[in-house]
Each structure stands twice: as C-alpha cells, then as structure tokens.
Amino acid sequence: MDIGFIGGGEVADAIMDRLREVGHRLHRHPYLHTHGGRPLRALAERCDAVMLLLPDARAVDRALFAEDGLAAGLCGGGLLIDLSALPPASAAANAARIAELGGQLVDAPVSGGAAGYRIDLGGSDAACAWADSLLRVFTSTVERAGGPGAGQRARLARSADRSAGRTGDDPDGLHRLLRLMAFDEADCALSAG
C-alpha cells in the first residue's frame with residue numbers, strides 16, 4: 001500500500017520505520033507546502049492513505065485545505081489519518097469537510113514514548129476500521145473512542161486524569177463525562193472568541 005506521511009520527529013520516524021518493515025511504500029513530505037515545497041495535493045493523489053503529524057490545528061488546516069492541499073487531491077474515498085493533537089471541535093470539523101469532498105478522515109492523536117505508543121481513534125466506522133489496520137502496525141494500543149473528534153476528547157480526558165492523579169475514583173465514569181463536556185464547552189468558547 002502507498003502511504004503518505006507529513007511531519008517529522010522521532011515519533012514520525014518510528015511510525016514510518018515500522019510501516020516500511022511490513023512492506024508499505026512510504027512517501028514522506030517534509031511539509032514545506034507554504035514555503036515553496038511540493039504541493040500536498042500530489043501526495044494525496046498518489047497514496048491510498050496519508051498520515052499527518054503536525055504541530056497544531058493551524059498547520060493541519062493548511063495541510064488539508066490550502067489550494068493545493070490534501071483535500072484537493074482526494075479521489076475515490078482516500079483516507080487521511082491525523083495523528084496530531086488538536087482541539088476536538090477542530091478534528092470534528094475537519095472530518096466533516098473531508099467527508100463532504102468524498103474522503104475519510106480520522107483523528108488519531110498519538111501519545112506515549114519509549115514504553116509504547118497509544119492511539120485514541122475517532123471517526124466514522126468505515127474510516128476507523130481502515131485506519132485501525134494501519135495503526136496496529138506500530139502500536140497494539142489502539143482504542144476506538146467514538147465519532148469524529150472523539151479521539152481528541154479521549155486524549156484530553158486521559159491527560160486531565162493523569163494531571164489530577166485519578167486512579168479509579170470514578171467507577172461510573174461520571175467525572176470523566178463531565179470533563180469531556182467541559183472540553184467541548186471550552187472549544188466552543190475558543191471558536192466563538
């Protein structure tokens with residue numbers, strides 16, 4: 001399978017190495033799109049799936065929706081896997097826009113390190129099933145969190161749990177649900193402001 005990869009760093013290198021080891025053909029783009037680099041559109045046209053690991057929501061938005069961005073090159077239901085850490089509302093909005101263009105996008109923020117990586121997967125059933133098979137090549141910890149944006153919400157909730165030192169004082173999940181709702185409200189407030 002031809003897989004595109006946009007982004008860099010140790011995590012990106014580890015993911016790409018593992019995908020190559022199992023026989024996938026990798027096409028790396030250094031993401032110089034806005035600085036005279038190759039258009040991302042060509043990457044989407046040539047690959048079955050494209051993974052993104054970019055620093056923030058603004059970079060992801062440019063990579064996806066710029067004039068020669070990935071969305072312009074999607075054809076026949078291509079899959080985009082966003083491994084970046086984004087606000088849940090941004091991830092859900094990106095998935096909706098890509099779906100309108102006939103493509104599929106999952107939010108799959110990657111976390112972890114030397115002890116292993118973890119992916120919380122958000123998106124449509126079909127897109128998540130396809131992405132899951134690729135993501136399990138480099139980590140066995142892939143958890144389906146729900147629809148578009150849910151992978152990002154799960155990442156934020158786990159981060160909040162770690163910072164609060166919670167280790168099981170929420171047996172019915174009520175505190176976790178309230179934190180998820182708070183993240184959505186914060187996203188709405190940021191978007192409106």
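Helix α5 is followed by Gly-102, a residue with a positive phi, near 90°. This is a predicted model, and the values below are computed from it.

Helix α5 itself covers residues 88-100, which makes 13 residues. At 1.5 Å a residue, the helix should span 18 Å; the C-alpha atoms at its ends lie 19 Å apart, which agrees.

Which residues of α5 are buried? They are Pro-88, Ala-91, Asn-94, Ala-95 and Ile-98. An α-helix has 3.6 residues a turn, so residues three or four places apart point the same way.

Arg-97 takes part in a contact of another kind. The charged end of Arg-97 sits over the ring of Phe-65, 3.6 Å from the centre of that ring. Pairs of aromatic rings are another matter: a search of the whole structure finds zero of them.

Next comes helix α6, residues 125-135, which holds Ala-127. Is Ala-127 buried or exposed? Its relative accessibility is 0%, and buried means under 20%, so Ala-127 counts as buried. Setting aside neighbours within four places in sequence, Ala-127 is in contact with Leu-79, Gln-104 and Val-106. Val-106 is 21 residues from Ala-127 along the chain, yet the C-alpha atoms of the two are separated by 6.4 Å.

His-29 belongs to strand β2, residues 25-29. With a relative accessible area of 1%, His-29 is buried. The C-alpha atoms of His-29 and Leu-43 are 7.8 Å apart, while 14 residues separate the two along the chain.

The last step is to look at the protein as a whole. It has eight helices and eight strands. Of its 193 residues, 46% are buried. How much of the contact pattern joins residues at least 24 apart? Among contacts between residues at least 6 apart in sequence, the share is 61%.

Note on methods:
Residues numbered from 1 in each chain as written. Predicted model: local features only at pLDDT ≥ 70, side-chain atom pairs only at ≥ 80, totals over all residues. Heavy atoms only, no water. Helix = DSSP H or I, 4+ residues; strand = E, 2+ residues; numbered from the N terminus. Expected span 1.5 Å × (residues − 1). Buried < 20%, exposed > 50% of the residue type's maximum accessible area, 1.4 Å probe, protein only. Phe/Tyr/Trp six-rings, centres within 6.5 Å; stacked < 30°, edge-to-face > 60°. Lys NZ or Arg CZ within 6 Å of the ring centre and 35° of its normal. Contact = heavy atoms within 4.5 Å.
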